[in-house]
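Please keep the viewer open as you read.

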Amino acid sequence: MACVLETPLRMSVLSEVTASSRHYVDRLFDPDPQKVLQGVIDMKNAVIGNNKQKANLIVLGAVPRLLYLLQQETSSTELRTECAVVLGSLAMGTENNVKSLLDCHIIPALLQGLLSPELKFIEACLRCLRTIFTSPVTPEELLYTDATVIPHLMALLSRSRYTQEYICQIFSHCCKLRHWHSCGFKSSPQPLLCANVRMQALKCFSVLAFENPQVSMTLVNVLVDGELLPQIFVKMLQRDKPIEMQLTSAKCLTYMCRAGAIQTDDNCIVLKALPSLVRMCSKERLLEERVEGAETLAYLIETDVELQRIASITDHLIAMLSDYFKYPSSVSAITDIKRLDHDLKHAHELRQAAFKLYASLGANDEDIRKKIIETENMMDRIVNGLSESSIKVRLSAVRCLHSLSRSVQQLRTSFQDHAVWKPLMKVLQNAPDEVLVVASSTLCNLLLEFSPSKEPILESGAIELLCSLTQSENLALRVNGIWALMNMAFQAEQKIKADILQGLSTEQLFQLLSDSDVNVLMKTLGLLRNLLSTRPHIDQIMSTHGKQIMQAVTLILEGEHNIEVKEQTLCILANIADGTTAKELIMTNDDILQKIKYYMSHSNAKLQLAAMFCISNLIWNEEEGSQERQDKLRDIGIVDILHKLSQSSDPNLCDKAKTALQQYLA
């Protein structure tokens with residue numbers, strides 16, 4: 001019997017809940033304004049902390065009616081305020097609640113409400129907007145549909161401490177340079193300081209300054225009671241201030257520094273921000289603080305050699321970071337389950353932060369790299385990091401490996417001892433583009449001629465992988481793919497060169513030579529130059545691909561390319577001219593000969609010298625057929641140009657021309 005009654009009982013309870021929710025909605029339509037107000041107040045009390053009730057009211061259509069009442073000028077200020085409060089409470093529920101509110105066009109209604117003269121109503125609208133804009137499902141662009149919104153929010157900042165708090169929170173989630181200035185806001189953001197640089201204002205400043213040179217240059221000159229803003233941030237770094245305030249102030253200074261508004265050797269960076277961030281990495285700090293401190297410090301020093309050196313010797317930072325890998329602690333040693341959960345939650349964040357900071361520390365200095373490598377189990381940790389489930393950890397581990405791979409010594413020792421190329425190749429088989437870019441950059445270094453990893457990488461099928469990267473729509477991957485092939489081809493055996501050409505295909509090679517990006521073009525020319533080295537290889541490659549290569553060379557020399565591109569192309573011609581049979585492809589091509597003659601008389605000495613190398617290789621006496629080639633080149637005026645160049649003020653050109661003329665006299 002109990003089983004039979006169970007379903008009707010549940011339906012009865014659901015009906016009661018729905019009926020109760022319907023009652024709240026029905027009261028919003030009462031003709032008596034006082035009853036409507038009381039109904040909204042009762043609804044407010046009913047939805048606090050009750051997500052199920054919130055969902056029911058949304059489904060039953062409460063939101064459109066609340067928005068209608070909120071926008072009616074005939075509604076009392078108290079009613080409009082209570083409607084905004086209820087809407088804000090609904091927004092504090094699930095992400096689906098926020099989506100429903102957005103579908104009802106709540107944001108334009110709330111922004112319109114900010115034009116009211118009533119402070120309580122403005123505060124309620126701002127509180128609701130804050131809740132909506134801090135939700136991950138809300139597009140920040142919705143704040144910028146009207147260019148008057150940002151200036152109006154700035155004007156509201158000084159109305160009360162609540163308007164300051166809510167507006168700063170909205171700005172810290174939504175404000176980016178492109179929006180800030182597209183809304184016509186050009187003046188100093190000093191009004192944000194009416195909050196006496198409280199935490200929300202600090203957070204807002206940090207968001208505004210991040211990768212925003214224009215805003216950072218504005219902030220750095222803001223005066224508050226006679227003090228510049230950076231000086232105020234420095235005061236916020238003092239140890240007696242809350243840790244969150246210290247961290248956020250350090251972020252502000254860091255972002256302004258990276259944006260170029262503060263010099264890297266400024267005392268506020270070297271003596272204040274940097275040491276404070278190092279301090280945040282110590283064991284005494286909470287795990288979240290250690291993560292944020294390490295990530296911010298990594299960003300601060302990422303591109304500055306001197307800051308990297310200073311950080312590396314501050315408070316034993318390199319050794320301190322090794323503790324980041326010791327979480328979670330041994331389960332058997334922990335009796336506090338909450339602590340274990342906390343450690344597990346933050347373990348991957350700690351590791352990725354440590355890898356990121358190690359990558360910045362070791363970006364340029366060989367001694368620092370050596371110290372990092374010698375840190376306890378460092379290479380094992382990196383290798384393990386390459387296969388972690390967390391994409392953040394994998395990316396940071398690859399970045400760390402890339403940084404360390406710039407060391408010739410480490411490539412020959414630690415990288416070889418730990419066979420780093422194996423997990424790296426595994427990463428390259430299947431990873432998001434952001435990981436692939438860094439991993440392929442690392443592979444470029446492992447394929448350098450002096451790297452012991454080069455041979456096993458070749459044997460593992462790297463050519464096919466790299467050729468596929470050159471076809472990527474991602475520019476960085478195309479550059480890295482061709483760059484790695486260029487390194488691979490340097491002083492390589494003929495079989496490897498043949499495999500590269502076969503893997504790329506002639507069509508793809510010339511697709512790369514016509515790429516709009518100059519880096520792709522330069523690396524492809526570098527690859528061709530490395531392929532066309534040593535005479536047997538030159539003759540072999542030109543016998544099968546000569547026509548297409550000569551066509552590509554012609555197009556580049558005729559095109560609108562920079563000096564470096566044309567110099568590299570002329571060097572390829574010089575290599576072809578060094579071949580035994582390949583040089584005939586130049587001698588039988590009058591168009592190419594005229595181009596070489598043209599560049600011998602060019603205004604740029606680099607191009608003249610490169611063209612001279614072509615001529616020298618063509619007329620060298622010891623080569624078979626040299627007399628016929630010399631005669632033909634004399635007929636087109638090359639000797640006359642050589643005589644002029646032998647009087648050049650450039651010693652390299654002068655010497656090269658005299659050497660070439662001697663070949664005619666021999």
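## About the model

Please bear in mind that this is a predicted model.

Let's begin with helix α6, which covers residues 95–103. Four of its residues, Asn97, Val98, Leu101 and Leu102, are buried. They cover an arc of only 135° around the axis, so they sit on the same side of α6. Turn to the other side of α6 and you will find Asn96 and Asp103, which are exposed.

What lies over the buried residues of α6? The cover includes α3 (51–59), α4 (62–71), α5 (77–91), α7 (106–113) and α8 (119–133). After α6 comes His105, with a positive phi near 60°.

## Helices α16 and α17

The next stop is a pair of helices: α16 (residues 267–279) packs against α17 (residues 287–301) at an angle of about 145°, and their axes are 8 Å apart. From α16, the residues Ile269, Leu274, Leu277 and Val278 meet Gly293, Thr296, Leu297, Leu300 and Ile301 of α17. Sorted by class, this contact of α16 with α17 holds seven nonpolar residues, two polar ones and no charged ones.

If you select helix α20 (residues 337–361), you will find His346 in it. Is His346 buried or exposed? Its relative accessible area is 5%, and buried means under 20%, so His346 counts as buried. Setting aside neighbours within four places in sequence, His346 is in contact with Leu287 and Glu288.

## Helices α22 and α23

Helix α22 (residues 378–385) and helix α23 (residues 391–404) have axes that come within 8 Å and cross at roughly 135°. The two are therefore oblique to each other, and α22 passes α23 in a left-handed crossing. On the α22 side, the contact is made by Met378, Met379, Ile382 and Gly385. On the α23 side, the residues are Val393, Arg394, Ala397, Cys400, Leu401 and Leu404. Between α22 and α23, the contact residues divide into eight nonpolar, one polar and one charged.

## Leu525 in α32

Helix α32 (residues 518–531) contains Leu525. With 2% relative accessibility, Leu525 counts as buried. Apart from neighbours within four places in sequence, the residues in contact with Leu525 are Leu513, Ile556, Val565, Gln568, Thr569 and Ile572. Leu513 is 12 residues from Leu525 along the chain, and their C-alpha atoms are separated by 7.4 Å.

## Helices α36 and α37

Our last pair is helix α36 (residues 590–600) with helix α37 (residues 605–619), whose axes come within 7 Å and cross at roughly 130°. That angle makes α36 oblique to α37. The crossing in which α36 passes α37 is left-handed.

Which residues of α36 and α37 make the contact? Leu593, Ile596, Tyr599 and Met600 come from α36, while α37 brings Leu607, Gln608, Ala611, Met612, Cys614, Ile615 and Leu618. By class, the contact of α36 with α37 has 10 nonpolar residues, one polar and no charged ones.

Technical notes: Residues numbered from 1 in each chain as written. Predicted model: local features only at pLDDT ≥ 70, side-chain atom pairs only at ≥ 80, totals over all residues. Heavy atoms only, no water. Axes fitted to C-alpha atoms, helices over the stretch in contact; angles between N-to-C directions. Parallel < 35°, antiparallel > 145°, perpendicular 65-115°, else oblique. Left-handed = near helix turned anticlockwise from the far one by under 90°. Contact = heavy atoms within 4.5 Å. Nonpolar A, V, L, I, M, F, W, Y, C, P; charged D, E, K, R; others polar. Buried < 20%, exposed > 50% of the residue type's maximum accessible area, 1.4 Å probe, protein only. Arc of directions from axis to C-beta.
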